[in-house]
Amino acid sequence: MMIKEQLQKKINNKTKPLGALGVLEDIALQIGEIQNTLTPQINNPTIVVFAADHGIAAEGKVNPFPQAVTAQMVLNFVHGGAAINVFCKQNNIGLTVVDAGVNFDFEPSIPIVHAKIKKGTNNYSTGNAMSEEDVHTCFLKGGQVVQQLFDKGCNTISFGEMGIGNTSAASLLMSAITNIDIQDCVGKGTGVNDEQLQIKINTLKEVYHFHKLQQNHSGIELLGKVGGFEIAMMVGAYLKAAELSMVIVVDGFIATAALLVAKKQHEQILPFCIFAHTSGEQGHLKMLEKIGAKPLLNLGMRLGEGTGAALAIPILLSAVNFLNEMASFETAGVSNKE
């Protein structure tokens, strides 16, 4: 009997009507399949937040907040003051912060992963964001972060991000890969008003045409043209997590755009992915629908940082716990309908 059939039989024999635990049953089945076991575990769940700056943000056309906020938020993560810190602490989730390319010199002693490629990407409105070599280095470094966590016993992972201007890069990547018009991919990001949103859309339309973005570009080409170091590192992290058969909890808009790029590199990545939530960014639902994803939560959040994933991980724990700890009809001596 295949592992999927064995898992389904175990789920069906729990002391409940068939299907009564709804989506939890689907999650238990998926995690059991990923781990190839009838007793799946969520061990040392960890969220990795990749931070980097974007050259275009220096112009202020796509972002109301100054670029300096990226570095300030990294320090906020370090001091435990961000939403992701609160939710990780509450739900006993590990948190790793990675400097992928922040335009700031952090003290070497602060407890982050120092993986800076450069101090922000180039301005993609006038040229390529990064070189092909930079993209490959990002893949390598993102993969190394995941490997180190895996070696320490983590089998469930999620990726968040911090980078002023990164919803713009994600919108461009989304539009190129899904063929959805750029204006239907762009959202308000970090709080732009309607007038600023129109400037953001117009700017990104110009960028889209300048780079002649299209679906047949490889993931590496797209990242080189309009990506961010944190997004490229996230792609490398996704690829390594799938290679290691980890459970991947996909966060919001930017994390899903990075997943679309990873899927270009590795077509069979989606079975490892559980989608945490539908974010308040207008493009996110469109991406989820495009890949047939069924997110667990819809709380109108659009913060990033991995916050949606941090709220979803306890649901995964509930799914494996019912599978492992709930009595069956036989062990409980309960009569089922048969």
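A salt bridge here is a side-chain nitrogen of Lys or Arg within 4 Å of a carboxyl oxygen of Asp or Glu. This is a predicted model, so local features need pLDDT of at least 70 and side-chain atom pairs count only at pLDDT 80 or more, while totals for chains, interfaces and linings use all residues. Residues are numbered from 1 along each chain as its sequence is written, and side-chain values use heavy atoms, with hydrogens and water left out.

**View 1. K119 and D105 meet in a salt bridge.**
The N to O distance is 3.0 Å. The two partners come from distant parts of the chain, 14 residues apart: K119 sits in the loop between β3 and α5 (132-151), and D105 in the loop between β2 and β3. Helices (H or I, at least four residues) and strands (E, at least two) are DSSP runs, numbered from the N terminus. K119 is partly exposed at 41% relative accessibility, whereas D105 is exposed at 54%. For these labels, buried means under 20% relative accessible area, exposed over 50%, and partly exposed in between (1.4 Å probe, protein chains only).

**View 2. K118 pairs with D134.**
This salt bridge spans 3.1 Å, N to O. K118 belongs to the loop between β3 and α5, and D134 to helix α5, 16 residues apart. K118 is partly exposed at 41%, but D134 is buried at 8%. The structure holds six salt bridges; another one joins E267 to K263, with the closest N and O atoms 2.8 Å apart.

**View 3. Six strands make an open sheet with parallel pairing.**
The order is β3-β2-β1-β4-β5-β6, where two strands pair if DSSP finds at least two bridges between them. At the edges are β3 (113-114) and β6 (273-275), each pairing on one side only. β1 and β2 share seven bridges, and V49 stands opposite V97 in β2. Between β2 and β3 there are two bridges, with V98 opposite V113 in β3. Strand β2 (residues 94-101) is largely enclosed by the rest of the structure, because six of its eight residues are buried.

**View 4. Helices α10 and α12 pack by β5.**
β5 (residues 247-250) and β6 pair in the parallel sense over three bridges; V250 has F275 in β6 as its bridge partner. Helix α12 (residues 307-325) packs on the sheet and touches β1 (46-52), β4, β5 and β6, its direction making about 135° with that of β5. Helix α10 (residues 253-265) lies across β4 (156-162), β5 and β6, at about 130° to β5. Contact means heavy atoms within 4.5 Å. Axes are lines fitted to C-alpha atoms, for helices over the stretch in contact, and angles run from 0 to 180 degrees between N-to-C directions.

**View 5. Helix α8 meets α10.**
The axes of α8 (residues 219-226) and α10 come within 8 Å and cross at roughly 145°. On the α8 side the contact uses G219, I220, L222 and L223, and on the α10 side V261, K264 and Q265.

The structure holds zero disulfides, a disulfide being a pair of cysteine sulfur atoms within 2.5 Å. C185 is buried at 0% relative accessible area, and C273 is buried at 4%.
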